[in-house]
Amino acid sequence: MERVVLVTGASSGVGLALCQRLLEEDGRIHLCIACRNTQKNEDTRDLILASHPAAQVSTVEVDLGNLASVLRVARELRCRFQRLDFVYLNAGIMPNPHVNFKALWHGLLTGKVLHMLTTAEGIMTQTDRLNGDGLQEVFTTNLFSHFMLVRQLEPLLCSNEKPARLIWTSSSNARESAFSLSDFQHAKGQESYSSSKYATDLTSVVLNRRFNKQGLYSSVVCPGLVMSNMTYRILPVFLWKLLMPIMWLIRFFAKTYTLTPYNGAEAHVWLFKQKPEYLDPLVKYHSCTSGLGKSYVEPRKMEVDEEIAEKFYQKLLELEKQTLERYSDLLD
């Protein structure tokens, strides 16, 4: 039987490039794309089928900023499929990004500018807000909704004949300094994106510890710096156009400047071809591109405290319990 692959955030950027690249790797897969609304789903499906007319592509509608929507789509997927082989947890948001030019100038004077440009450490802030569920929007969309989705899809992921895979889109911007157990939704800070991505790394570590014996494996990837809708919101488009020659030059020194969604999906596709039993659960797989444009994958050990990871996972379980009590009418 064909492998079933679910991709969230499939309508643009790395998600769309990933869908197209997966079909190039294996045209027999059943690709299920998850987008926010019907129109996005139809447009994305048409775009994929235009280059892969024989592909099996289905759609599900889910708003990852809305937990009721997540529970509904999980129920739909349980009815539609008997199993899932790959779930790419790729959707994410970075609302109202701001560049701290003062910090950038300081980095230039202190020789740390290359590190800052490749990780956005100290120069990128966001303004978050509460969503309709009373939770921080970035935390919910980037992590908690995906966590809820995975938990609701356990019957399709565990105890299959072959291992099932979770592949999370993390970031080099995932930093422990932006994350706090006492404020794991990052309500008080201005680096909600970084916090949510570090929380993603923590979650993946614990999922492996708990579910590997049931045939479910989790990995995290970093797509590098990709020019996508999310990136273009950071600065005006005309400024990005002026900066592009400089960014191509920087790529000779910063291999994480993948720049195109196709290059950014390199690690996602590489993991598609690996046996999960041989992967290190404490490694993040980075998409990289050489100065001459050659794409490759670089494994890097994650700086995660496994004790904190376990404590955070318990907090996720508590929040999940509250959510399920609130939306009990949406459960089977």
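Ala-34 counts as buried because its relative accessibility is 5%, where buried means under 20% relative accessible area, exposed over 50% and partly exposed in between, with a 1.4 Å probe and protein chains only. The model is a predicted one, in which local features need pLDDT of at least 70 and side-chain atom pairs count only at pLDDT 80 or more, whereas totals for chains, interfaces and linings use all residues. Residues are numbered from 1 along each chain as its sequence is written, and side-chain values use heavy atoms, with hydrogens and water left out.

Ala-34 is placed in strand 2, residues 30–35; strands (E, at least two residues) and helices (H or I, at least four) are DSSP runs numbered from the N terminus. Not counting residues up to four places away in sequence, Ala-34 touches Leu-6, Val-7, Thr-8, Gly-9, Ala-10, Asn-41, Val-60 and Val-62, a contact being heavy atoms within 4.5 Å. Its C-alpha atom is separated by 9.9 Å from that of Gly-15, 19 residues apart along the chain.

Cys-19 belongs to helix 1, residues 13–25, and counts as buried because its relative accessibility is 0%. Leaving aside neighbours within four places in sequence, Cys-19 is in contact with Val-7, Ala-10, Leu-31, Ile-33 and Ile-48. Cys-19 and Cys-32, which are 13 residues apart in sequence, lie 9.2 Å apart from C-alpha to C-alpha.

Ser-171 is found in the loop between strand 7 (164–169) and helix 8. At 9% relative accessibility, Ser-171 therefore counts as buried, and it touches Tyr-193, Lys-197, Val-221, Cys-222 and Lys-284, again not counting residues up to four places away in sequence.

For the chain as a whole, the secondary structure comes to 13 helices and ten strands, and buried residues make up 55% of the 332 residues. Of the contacts with a separation of 6 or more, 73% are accounted for by residues 24 or more positions apart. The chain exposes about 15200 Å², of which carbon and sulfur atoms supply 53%, the areas coming from the Shrake-Rupley method with a 1.4 Å probe.

Helix 6 packs against two other helices, as tabulated here.

| Helix pair | Angle | Axes apart |
|---|---|---|
| Helix 6 (residues 137–152) and helix 8 (residues 192–211) | about 15° | 8 Å |
| Helix 6 and helix 13 (residues 306–326) | about 75° | 11 Å |

Axes are lines fitted to C-alpha atoms, for helices over the stretch in contact, and angles run from 0 to 180 degrees between N-to-C directions. Helix 6 and helix 8 are therefore roughly parallel, whereas helix 6 and helix 13 are therefore roughly perpendicular; angles under 35 degrees count as roughly parallel, over 145 as roughly antiparallel, 65 to 115 as roughly perpendicular and the rest as oblique. With helix 13, the residues of helix 6 that meet its partner include Phe-139, Phe-144 and Met-148, and those of helix 13 include Phe-312, Tyr-313 and Leu-316.
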